[in-house]
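Subject: Structure handover

Hello,

Here is the structure we talked about.

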Amino acid sequence: PPPRTGGDSPTSVASMPLGGSRGAGRGAPPRPSSVTGVPPSKKKAEPPKQLCGVGLLFSREKAEGGGGSVWVVRKVIAGSPAGECGLVQLGDVLKSVDTNSVGKMESMFEISKCLLGAEGTTTTLSFDRKGEAYSVPLLRSNTFIGSEGNNNANKPIETQEETMEV
């Protein structure tokens, strides 16, 4: 069959009025759109910020007394936001990230969706240490990642191990 010219099809780009809107009548100035190849805004989009953590290594462990499992701090990276604040210690149990309880979260993927964020943003972590609850606000950063940084940093979150530095 001969190639279509596009003029007869109601959904073809060729049949749309200049400016990409079917409602723009004759004589209306063309509006920039992706159809005409001109972006709708001259403002340049900023690249997405890199996801950052706070410098903690967690592992999923059985809770004392056999009541499920908990996320336990296994490492505090020196020079990280968590290391610099000096409050978080090995063995502390993570209870929540901001307003998100982690008690029912079964994978590091779920935890990391809460913990990781844009560099320079703050996240508040709530912990339990031997029955005493405390919370600490931490500024997300990647400046601490170096020789002892996140071993999972270059892996997609879905494939990262259940013990992860964030």
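Predicted model: local features only at pLDDT ≥ 70, side-chain atom pairs only at ≥ 80, totals over all residues.

E106 and R60 form a salt bridge, with their closest N and O atoms 3.4 Å apart. (A salt bridge here is a side-chain nitrogen of Lys or Arg within 4 Å of a carboxyl oxygen of Asp or Glu.) This pair links distant parts of the chain, 46 residues apart. E106 lies in the loop between β5 (100-101) and α2 (108-115), while R60 is in strand β2 (residues 56-62). Helices (H or I, at least four residues) and strands (E, at least two) are DSSP runs, numbered from the N terminus.

Residues are numbered from 1 along each chain as its sequence is written, and side-chain values use heavy atoms, with hydrogens and water left out.

Back to the first pair. E106 is exposed, at 52% relative accessible area. R60 is partly exposed, at 22%. The cut-offs: buried is under 20% relative accessible area, exposed is over 50%, and partly exposed is in between (1.4 Å probe, protein chains only).

How many salt bridges does the whole structure hold? The search finds 3.

Next, E61 and R74. Their side chains meet in a salt bridge at 2.6 Å, N to O. This pair also links distant parts of the chain: E61 sits in strand β2 and R74 in strand β3 (residues 69-76), 13 residues apart. E61 is partly exposed at 26% relative accessibility. R74 is partly exposed as well, at 37%.

Then D92 and R129. Their closest N and O atoms are 2.8 Å apart in a salt bridge. D92 is in the loop between α1 (81-85) and β4 (93-97). R129 is in strand β7 (residues 122-129), and the two are 37 residues apart. Is D92 buried or exposed? D92 counts as buried, because its relative accessible area is 1%. R129 is partly exposed, at 26% relative accessibility.

Last, the cysteines. A disulfide is a covalent bond between the sulfur atoms of two cysteines. The test used was a pair of cysteine sulfur atoms within 2.5 Å. The structure holds 0 disulfides. C52 is buried, at 0% relative accessibility. C114 is buried too, with a relative accessible area of 16%.

Best regards
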